[in-house]
Amino acid sequence: MSIQDAEWREALDEAGPRYLKIVRFMEKAIAEGRLRSGDRLPPQRELARTLGVDLTTITRAYAEARERNLLHARGAMGSFVSAPRFETSEMLDLGMNLPPPPLGVDLRELLQHGFEQVLTHTDTHALMSYHPGGGTQADRKAGAAWLATPLGKVDPERIVISPGAQVALSALLLTLTEPGDAIACEPLVYPGVLAATQQLGRRVWPIAADAKGMLPEALEEAAALGVRVVYLNPTLRNPTATTMGEVRRDALVTVMRRLGLTLIEDDPYWLLAARAPAPLAARLPERAYYVSTLSKALTPGLRTAYVVAPDRETRARFLACLRSLALMSTPVMTSLATQWIHDGTAARIVEGVRGEAAERRRIAVNTLPLDPTQPGEGIHVWLPLPARWTAQALATSARMEGLAVTPSTAFAANTPAVEAIRISLGGVRDRARLKASLVRLAALLDDDAPRDDGPLV
């Protein structure tokens, strides 16, 4: 074997269940080249003695490693590190922005325990019934507790629970604008907003921005021309992963308050940033709608988002529009979110996502030609391209190599867009496959003869 006993003992330094610590160590060792394809792994009993754990723990770790294609067994010969497998029909997803599997957390066990608690404390009929009121009182109180960190104390009666952020944003456009109205945004914006405005007959109005974010004086000029609603995603922005600072936030709030503008603040990544400034909505509660989804900080499967309206009256108007798109969030998953918030599981998962995202960003920084001044947080990175590549051409070529990335054109509120791609770090299940995917992408970037631009398929 290529790793000594002392190195294997590093496996127990990570947090979480022991079998997952061992699997994470294998992933890390493969990503760093300490374990290579074809290396023989220690026999299970021998590794159990080395680590001072029971054989069941090692057996479970090896089984999970096989499931992740990290190793394969050759009968009596033992277990060996597998070569990364890329089937021609398989697309490796660096495009969809998902949180990675949380470091040191066994989601299966948490789901099992969480659902047991939900079924113990909640009437089954209630879980299978309609709840058209924007969430039960218990769920809204849990939402208020979850949002207390970014926003401070929140009245649960201002909260609406939505089945995800996208439907909430669409309902807010219906609530706050009329057909043909324009919504102010930064030049690079979440594609869901672009799609929603187009489908609902609204328009985006890109506001000039610098490295710190939207320019207050440019917003003031747009307001003079009739723009009344502002959309911002200020923390770990999608797609650039940058965060707006305190001074710019204060300046924008001053303009919005003075001119009577309404803010939609989309803040899915706030909890993934270690020292993010307070949201704009905390500075402008009387004119802001704050949207916080669990899909980006915990897991997309929850499909639970919390929307904080300025007051009960505006909440009622928003809820009426939301019902025209989705009658309710799923009671089972909302109840699970409530349970996890109350028992601390949600906070554990966020910490696990932060930890795993940090490891994946380290791999990305060591593999891709990223700007070293880029933020070191979040679940995606933004990569400006060399002059020989356009974003569309690279995305097309990457797809031909079995890699999905998102070109800057997908985020452009106006043209021309900067030539760059967003690379999401959570969609590939394990670090070894992520590393291999990024190595392939780096090789493609170095190609001196990029393919002709063409449409994505």
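Predicted model: local features only at pLDDT ≥ 70, side-chain atom pairs only at ≥ 80, totals over all residues.

Trainee: Let's take a helix. Which residues of H4 are buried?

Mentor: In H4 the buried residues are Thr 57, Ile 58, Ala 61, Tyr 62, Glu 64 and Ala 65. They cover an arc of only 160 degrees around the axis, which puts them on the same side of H4. The exposed residues Thr 56 and Glu 67 are on the other side of H4.

Trainee: Why would residues spaced like that point the same way?

Mentor: An α-helix has 3.6 residues a turn, so residues three or four places apart point the same way.

Trainee: What does the buried side of H4 pack against?

Mentor: The buried residues of H4 pack against helix H2 (18–32), helix H3 (44–51), strand E1 (71–73) and strand E2 (79–81). Leaving aside neighbours within four places in sequence, Thr 57 is in contact with Arg 18, Tyr 19 and Ile 22.

Trainee: What happens at the ends of H4?

Mentor: At the N-terminal end Asp 54 caps H4, with a side-chain oxygen 3.2 Å from the backbone nitrogen of Thr 56. Just after H4, Asn 69 takes a positive phi of about 65 degrees.

Trainee: Now H13. Which residues there are buried, and which are exposed?

Mentor: Thr 314, Arg 315, Phe 318, Leu 319, Cys 321 and Leu 322 are buried in H13. Because they cover an arc of only 160 degrees around the axis, they lie on the same side of H13. The face turned away from that buried side carries the exposed residues Arg 312 and Glu 313.

Trainee: Which residue caps H13, and what does its buried side pack against?

Mentor: Asp 311 caps the N-terminal end of H13, where a side-chain oxygen lies 3.1 Å from the backbone nitrogen of Glu 313. The buried residues of H13 pack against several elements, including helix H7 (137–151), strand E4 (159–162) and strand E12 (305–308).

Trainee: Since E4 came up, are its faces covered or open?

Mentor: Both faces of E4 are covered, with Ile 159 and Ile 161 buried on one side and Val 160 and Ser 162 buried on the other. In a regular strand the side chains alternate between the two faces of the sheet. E4 pairs with E12 in the antiparallel sense over 4 bridges, and Ile 159 stands opposite Val 308 in E12.

Trainee: What is the order of the strands in the open sheet of 3 strands?

Mentor: The order is E13-E16-E15, with antiparallel pairing. Strand E13 (380–384) and strand E15 (406–407) are the edge strands, each pairing on one side only. E15 and strand E16 (residues 420–424) pair over 2 bridges, and Thr 406 stands opposite Arg 422 in E16.

Trainee: One last residue. Where is Ser 129, and is it buried or exposed?

Mentor: Ser 129 is in the loop between helix H6 (124–127) and H7. Ser 129 has a relative accessible area of 17%, so it counts as buried. A polar atom of its side chain lies 2.5 Å from the backbone oxygen of His 125. Leaving aside neighbours within four places in sequence, Ser 129 is in contact with Met 328 and Pro 331.

Key
Residues numbered from 1 in each chain as written. Heavy atoms only, no water. Buried < 20%, exposed > 50% of the residue type's maximum accessible area, 1.4 Å probe, protein only. Arc of directions from axis to C-beta. Contact = heavy atoms within 4.5 Å. Polar contact = N/O pair within 3.5 Å; in protein donor to acceptor, adjacent residues only side chain to side chain. Pairing = 2+ DSSP bridges.
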